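Reader: I have the model open. Can we go through it piece by piece?

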Amino acid sequence: MAREVPVAQRMHSIAASLADAHDSVERLLYALQLDARLTGDIDVTQQALSDLFGNAADIMITTLFSRDGVQVLTIFNQSMVHRDLLIRAVFDRIADTALGPQPDLDELTRHIVPTGITESVDRFGELATHVIEGSAILCLPGCTRALAIQLAQAPQRSISQAPSEPVVMGPRDGFIEDASTNLTLVRRRIRSPRLWVDVFRLGDITRTTVYLLHLHGVTDDELVDEARRRISSIRIDGVLESNYVAELIRDAPGSPFPTIQRTERPDKVAAGLLEGQFAVIVDGSPFALVAPITFGHLFKASEDYYESWFPSSILRGIRVMAVVLGVLVPSLYVAVVTYHQELIPTSLLIVLAASRENVPLPTIVELLLILVLFEIIREAGVRTPSGIGSAVTIGGTLVVGQAAVRAGIVSSPIIIVTSAVVIQFLAAPDYELVQVSRFMLYPILIASSAMGLFGLLFASLALVLHLTSLRSFGVPYLAPLAPARARDWKDLVLRAPWWAMNTRPQMEGGIDPVRQPPNQVPLPPAKQP
Amino acid sequence: MSRKRRGCLAVVLCLLALAPILAGCWNKYETNELLIPDGFGFDWHNGKYYAIASLYNTRAAMTPGGGAGGSAGQSSVVPETFHLTGHGTDPGQALTDMNHVSTRHILWAPSLIVLIGQAAAQHGIGAILDTLTHEPWFRPTIAVMIVHGTVRALLDTRQSGPETSVSRSLKLLEQTTHFDESAAWAPRLFDVYRIDADQGRSLLLPAFRLTGDAYPKGPPFAISDSAVLLNDRLVAWLPRSQVRMVLWMTGRFVRSTFAITCGGGAGSVDVDHASARVLPVIAGGQLKAMDVTLTARASLIKPCGTHDITTLQEAAAAAVDTEASSTIAWVKDHGYDVLGFGTDVYRASPSVWARVGQNWPGALATLPVDLRVQLTLATVGLTKS
């Protein structure tokens, strides 16, 4: 026999259902309102817009009169429009213009056009979008269309040096949060009509502007089509940063390794485009996306190409070594110290053994403790306001470096190992590579503590196998090493001189492999006979 | 997930689970659970082998951060090394006994040298070396040295000059002075077995002796001479006076100066190159003699009573001949083939060796040795002759 549901509970359930239905109806009505067409009735339009924006404080809906007394409804976002221009070129002109008994939108356009770019809209949804983006909207009585005049002047910071990718030699400008400005910075470097730009609006609510850039005739068309397809298929409520797009279009989404590079440097984007990559600029983010990439791209700094090839090649080699050592040094230390002590010179072994006397924790626990503590300090340093950042640093240094050793909780070699790891990772030019490497060392460390050098070997092999399996828009991640492309080794660890960079990278080099004609080695003038 | 993928995953997980076991995870030792040997060796006393090791006391070792490893202040009262001893009827048992005495794991891998006491060497080094060979943690590159008296006495000195390690001091002494003091460089474990395989050859090992000198003059021990071993037993000591010619005749030339006399005066020559050719003379299937030719090149340092080059050359050759003859006489008198004549005979004729090798020390004593010295004075310096 079915149990009888109490009346109060049933009433509560019905009320909840009604509330849900009410919400659904409201959402439906709002959607209908967005899709509704303008009626030409100024009062109705004014009321509808007030309802649409919920009487938002920054949205101004006001009525002007022309010289002959025609009512003009004006809507604009006071925080986004250029106010002087609005007053001088719109308000003053309307007040000075006689629109006649049958005001016409085209007539109004003729008077206003010199002030900026205009567009005709006929739906409330479009109208609302234009207002939000900084346009001023003019509605005339009896007109079922409105005029959107672009007068946007959004607040933005000035162009400054890219904080995540500083250089000593090379251009100092970095991207900012405004996509149009970022696009300009790239165009300034590639003054060619072959730089094609596709525009997308992503985010059902945010309607974020996204630019897809590629160099026509250089970038593979199939690659661009694939990028277009992936970007177009994004369905999300909002895009606030370029990583939203990166995560939604990247290959191997489960892998911690980045298969799309993010950069703050317009010169890096331009260089990528010249090599046959495509770029994505997202409004609101100072980080552009560049793809396809290989693992080697993450070790390249812009400066490599702005300095002589000789120091650049050595420094790039040092960078690779630093990251590899950064990942392997803690594991190597644990493996050798706990399993393979015979590999350590006797005098060093005595020092290591002496430093561990009275330390109560196993080496692996010591190391994990310090590494995790350091991660916490680093995270705290990033999140801390700059005013008290130094206090965090000093506190962290004192706690980790001094107190822990003095208290005998950890041995001093552990501090040296941790410091080495931290410094080695700072040598990596790509922030995402640093982030990944920081956390890649832990599984290898655990394997080393369980199996010694065998564990180190197994875990490293697993890591390499994983890297081998990755693709970035069809390009093998370890190219040009695996698969081997000897021609592309000229810009892998060693950076060949510019006169030897005759071809673009084969894997991501697109359809035009030739970069420059050969035989450009500078030679002394030939002797006159 | 398909059945095949599940199967693969199961295999991978099983292998991963087995990996730590297969990789020897139980061999894990923290560094503060180890004992690090400074030097070790074997003595023989009252029918028993004694294994003795000098081990670093890491609690007393100074760390770069300052102070002793254990806690500050202990270094003044805790000795830097201490000894562990074990005994048994064979060397393996003695080692095991020593391991059982320790609360920590002895890491034998850093051991560079194994010292063998005089009594143990006289009893035979074969059992000791065989034991070390079969212990996986001993390197085959470990050097073997003999000690006059006991190893214990040498390790007890604990004063090793500027070096912090007795082993290190022994090794450096052997490297820097063995040409002057000993006819043998310290052979590694595998060298000993290789030399032992040579036909009729007596093994030479550097021998150390306590000097009684105290620091800071130098370490209280030094290479004194060479131990001669026959069939793995210590049988004699090769005196320092025979060292130079043994080295020359075994192909390890060392530059040296000879005093010469001629024309009623005394002079000297510097020999900067020498080589030896040793050939057995076999006739009718019989070993008749050993033909030894020493070829040397020298420079005149101080002329004696004459400036005649031929006379000087003859005088220098006579000096070399005298010393070489003395060494050959020592070998024949004692019957210990430290010059490797037996190996030369075997290489020339195995069938002849099969006959003479059965009583090689006896045959060596009566074997005629035809010695020829060819010395050339290459430069005469400032003699203006």
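Reader: How far apart do the C-alpha centres of domain 1 and domain 3 of chain A lie?
Author: The C-alpha centres of those two domains of chain A are 61 Å apart. The domain bounds come from an automatic or database domain assignment, which gives domain 1 as 33-150, domain 2 as 179-293 and domain 3 as 307-476.

Reader: What should I know about the conventions?
Author: This is a predicted model, where local features need pLDDT of at least 70, side-chain atom pairs count only at pLDDT 80 or more, and totals for chains, interfaces and linings use all residues. Residues are numbered from 1 along each chain as its sequence is written, chains are lettered from A and ligands numbered from 1 in the order in which they are written, and side-chain values use heavy atoms, with hydrogens and water left out.

Reader: Switching to chain B, what is its average pLDDT?
Author: Chain B averages 85 on pLDDT, the predictor's confidence in each residue, from 0 to 100. A score of at least 70 is reached by 90% of its residues. Over residues 70-77 of chain B the pLDDT is below 50. That stretch has nine contacts in the model beyond near neighbours in sequence, a contact being heavy atoms within 4.5 Å.

Reader: How should low pLDDT be treated?
Author: Where pLDDT is low, the predicted coordinates should not be read in detail.

Reader: Which residues of helix 2 of chain B are buried?
Author: In helix 2 (residues 91-101) of chain B they are B:Pro91, B:Gly92, B:Ala94, B:Leu95 and B:Met98. Buried means under 20% relative accessible area, exposed over 50%, partly exposed in between (1.4 Å probe, protein chains only). Helices (H or I, at least four residues) and strands (E, at least two) are DSSP runs, numbered from the N terminus.

Reader: Where do they sit around the axis of helix 2 of chain B?
Author: Seen down that axis, the buried residues of helix 2 of chain B fall within an arc of 160°, so they line one face. The arc is that of the directions from the helix axis to the C-beta atoms. Their cover includes strand 3 (48-56) and helix 4 (126-134) of chain B.

Reader: And strand 12 of chain B, what does it pair with?
Author: Strand 12 (residues 265-283) of chain B pairs antiparallel with strand 11 (residues 256-262) of chain B over seven bridges. Another 15 bridges join strand 12 to strand 13 (residues 286-302) of chain B, also antiparallel. Two strands pair if DSSP finds at least two bridges between them.

Reader: Which residue in the turn between strands 12 and 13 of chain B has a positive phi?
Author: B:Gly284, at about 60°.
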